[in-house]
Amino acid sequence: MSPRSLALIASVAANVALIVAFSALYMSQRETVGAGFAAVRSPVSMQRVAPMRMQPMRASHRYAPRAMYNGRMHIAASNEEVFEKVKDIVSEQLSIEKEKVSETSTFADLGADSLDTVEIVMAIEEAFGVEVPEDAAAEMSNLKEAVDYIVSKA
C-alpha cells in the first residue's frame, strides 16, 4: 500500500472520529437543553430557558475574511499568480517538474489518476479558501479553466 493511500485512510479515519465526537457533543447538548421549552432551569434565577436555536448563516458570513486565511493566496491575485500557485500544487502532488505543467495541461495528461485528482482539488481548496463542487471539478478540462474558476470564486 502506498504512503498516499495510507495518508488518505488516516485522514478519513480522523474525519470520521471528529464527526462522531461532534455528534456526541451535539446530542449531549440537545439532551441538556431539550426540545421546546424544557424544564431546564437557570441555576441563578430558576427560570425556564428556551432551547438553543442555530440561526441560518447569511452568505456574507460563511467564510472567514481573506486576511484570516493564513498562508493562502490573496483575494486580488492575478490569473498568473493563481496559475503559478496551482502549478506548484500540481507539481508537488504528482511529483513532477513544474516545467511539464502548462495552462492547457489536463490532470490526465500529467499522469494523475482519480485519487490524485481529488487530492489536487482538495489542496487547491485549502490553498485558495474556495470550495470546488464535484460537478465543477469534473467540468474543468484543463488547468486554465481551474484557474479561471478559482479567480471567479476568490
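pLDDT is the predictor's confidence in each residue, from 0 to 100. The structure is a predicted model, in which local features need pLDDT of at least 70 and side-chain atom pairs count only at pLDDT 80 or more, while totals for chains, interfaces and linings use all residues. Residues are numbered from 1 along each chain as its sequence is written, and side-chain values use heavy atoms, with hydrogens and water left out.

**View 1. Confidence along the chain.** The mean pLDDT of the chain is 75, and 68% of its residues reach 70 or more. Contact here means heavy atoms within 4.5 Å. Over residues 59–71 pLDDT stays under 50, and the model has eleven contacts beyond four places in sequence for this segment.

View 2. Helices (H or I, at least four residues) and strands (E, at least two) are DSSP runs, numbered from the N terminus. An unreviewed UniProt entry lists residues 6–27 as "transmembrane region"; UniProt positions are given in the numbering used here, feature names are shortened, and annotations may be inferred rather than shown by experiment. This segment is 100% helix and 0% strand, with its end C-alpha atoms 31 Å apart.

**View 3. The largest nonpolar core.** A nonpolar core is a set of buried Ala, Val, Leu, Ile, Met, Phe, Trp, Tyr and Cys residues joined through side-chain atoms within 4.5 Å; buried means under 20% relative accessible area, exposed over 50%, and partly exposed in between (1.4 Å probe, protein chains only). The largest such core has 25 residues, and Val 86, Val 90, Ile 124, Phe 128, Val 132 and Leu 143 have the most contacts inside it. At least two residues of this core come from each of helix 2 (79–94), helix 3 (114–128) and helix 5 (143–153). Beyond four places in sequence, Val 86 touches Ile 124, Phe 128, Leu 143, Val 147 and Ile 150.

**View 4. The buried side of helix 5.** Leu 143, Ala 146, Val 147, Tyr 149 and Ile 150 are the buried residues shown in helix 5. They lie on the same side of helix 5 because they cover an arc of only 160° around the axis. The buried residues of helix 5 pack against helix 2, helix 3 and helix 4 (134–139).

**View 5. The surroundings of Ser 105.** Ser 105 lies in the loop between helix 2 and helix 3 and counts as buried because its relative accessibility is 8%. Beyond four places in sequence, Ser 105 touches Lys 100, Leu 110, Asn 142 and Leu 143.

Conventions:
The arc is that of the directions from the helix axis to the C-beta atoms.
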